[in-house]
Amino acid sequence: MSLATPGSIQKLQAALHAKAKEEPDFRFYLLYDKVYRKDVLEHAYARCKANKGAAGMDGERFEDVEAYGVERWIGELAETLRKKMYQPQAVKRVYIPKPGGKMRPLGIPTLRDRVVQTATMMVIEPIFEADLQPEQYAYRAGRNALTAVREVHSLLKTGHKQVVDADLSSYFDTIPHAELMKSVARRIVDRHLLHLIKMWLDAPVEEGDGRGNTQRTTVNRDQGRGTPQGAPISPLLSGLYMRRFILGWKQRGYEERFGSRIVCYADDLVICCRWQAEQAMAAMQDMMGRLKLTVNAEKTRICRVPEAYFDFLGYTFGAVSLGKDRVSLRGYASIQEECAADGRRH
């Protein structure tokens with residue numbers, strides 16, 4: 001469900017984005033008070049309710065808030081934030097199936113924490129949106145998985161046929177907190193807002209043992225790494241950290257050296273090269289190691305189109321029938337159909 005953003009919030013976001021875009025080195029130091037603005041918290045609550053998420057560890061549901069009184073509930077939350085007494089609760093961990101029979105851990109913060117995270121995201125997202133790289137397609141206005149797929153298709157057609165099909169092991173669970181907070185602090189120096197983010201990163205996790213008991217762990221805090229998938233703030237933080245890799249790739253001259261272009265959707269990543277794909281893969285592995293991320297060596301490979309094929313965001317790119325100097329794509333017809341449908345929707 002899509003909700004129209006109130007004009008007062010649009011005005012705030014536009015001003016923050018414009019300032020960030022005009023001054024790439026500007027650091028924002030008065031943001032925390034925007035998080036507990038009445039209009040911001042009200043819209044954050046509406047967005048969370050529209051997502052229809054499950055209750056967190058405290059069991060509080062939207063029905064409970066409605067019965068208590070939304071305005072009263074938001075007012076008390078705003079006062080807690082204003083007095084700097086807010087403390088996040090443990091994140092509820094559940095598991096959802098992945099292709100191949102594996103399970104993906106998903107974190108469900110309490111409703112209260114989801115609302116504050118969403119409010120914070122509404123304030124800081126316009127700032128970091130100005131910094132994210134064009135290679136990043138996830139969780140951004142005007143971009144989606146389909147536009148990423150179309151970009152890969154375009155690159156293959158223009159000669160970027162040596163593809164590094166990269167796989168990162170548990171990306172969200174391994175993002176290092178110290179380095180991530182440096183990326184945040186490069187733009188934000190409001191210590192109260194930084195403290196909010198750090199508390200969410202360090203929040204304990206609780207999960208059931210299947211026998212009615214719960215177990216609490218503090219792995220993220222103890223190891224200093226990980227952002228829980230499922231938390232509203234997590235996509236923005238994960239994109240911000242991936243920006244370090246993409247920006248570093250270009251600053252080191254790898255884009256020109258390998259005739260390469262990166263296409264990234266969250267932790268799904270391909271590097272389309274014109275040449276020297278082996279060296280590009282080695283460079284990627286070295287950079288990911290420096291960023292304290294783990295490359296899955298078994299799943300990361302080089303694919304040369306059209307002789308071979310690779311999967312990306314649900315599409316298989318590669319040879320179906322080969323003619324001279326011709327690349328045919330599996331699923332190509334469906335790509336075109338979805339592109340047309342996407343255009344009709346917008």
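**Close-up 1. Contacts of Phe26 in the predicted model.** Leaving aside neighbours within four places in sequence, Phe26 is in contact (heavy atoms within 4.5 Å) with Lys19 and Arg187. Phe26 is found in the loop between helix α1 (7–22) and helix α2 (32–35), where helices (H or I, at least four residues) and strands (E, at least two) are DSSP runs numbered from the N terminus. With a relative accessible area of 24%, Phe26 is partly exposed; buried means under 20% relative accessible area, exposed means over 50%, and partly exposed lies in between, for a 1.4 Å probe and protein chains only. Phe26 and Gln276 are 250 residues apart in sequence and 38 Å apart in space, C-alpha to C-alpha. This is a predicted model, in which local features need pLDDT of at least 70 and side-chain atom pairs count only at pLDDT 80 or more, while totals for chains, interfaces and linings use all residues. Residues are numbered from 1 along each chain as its sequence is written, and side-chain values use heavy atoms, with hydrogens and water left out.

**Close-up 2. Gln13 in helix α1.** Gln13 lies in helix α1 and counts as buried, at 19% relative accessibility. Not counting residues up to four places away in sequence, Gln13 touches Thr5, Met122 and Pro126.

Close-up 3. Glu42 is partly exposed, its relative accessible area being 33%.

Close-up 4. The side chains of Arg93 and Glu207 meet in a salt bridge of 3.9 Å, N to O. Arg93 belongs to strand β1 (residues 91–97) and Glu207 to strand β4 (residues 205–208), so the pair ties together parts that are 114 residues apart in sequence. Arg93 counts as partly exposed at 26% relative accessibility, and Glu207 likewise counts as partly exposed, at 21%.

Close-up 5. Asp222 forms a salt bridge with Arg221, in which the closest N and O atoms are 3.6 Å apart. Asp222 counts as exposed at 54% relative accessibility, whereas Arg221, at 48%, counts as partly exposed.

Methods. A salt bridge is a side-chain nitrogen of Lys or Arg within 4 Å of a carboxyl oxygen of Asp or Glu.
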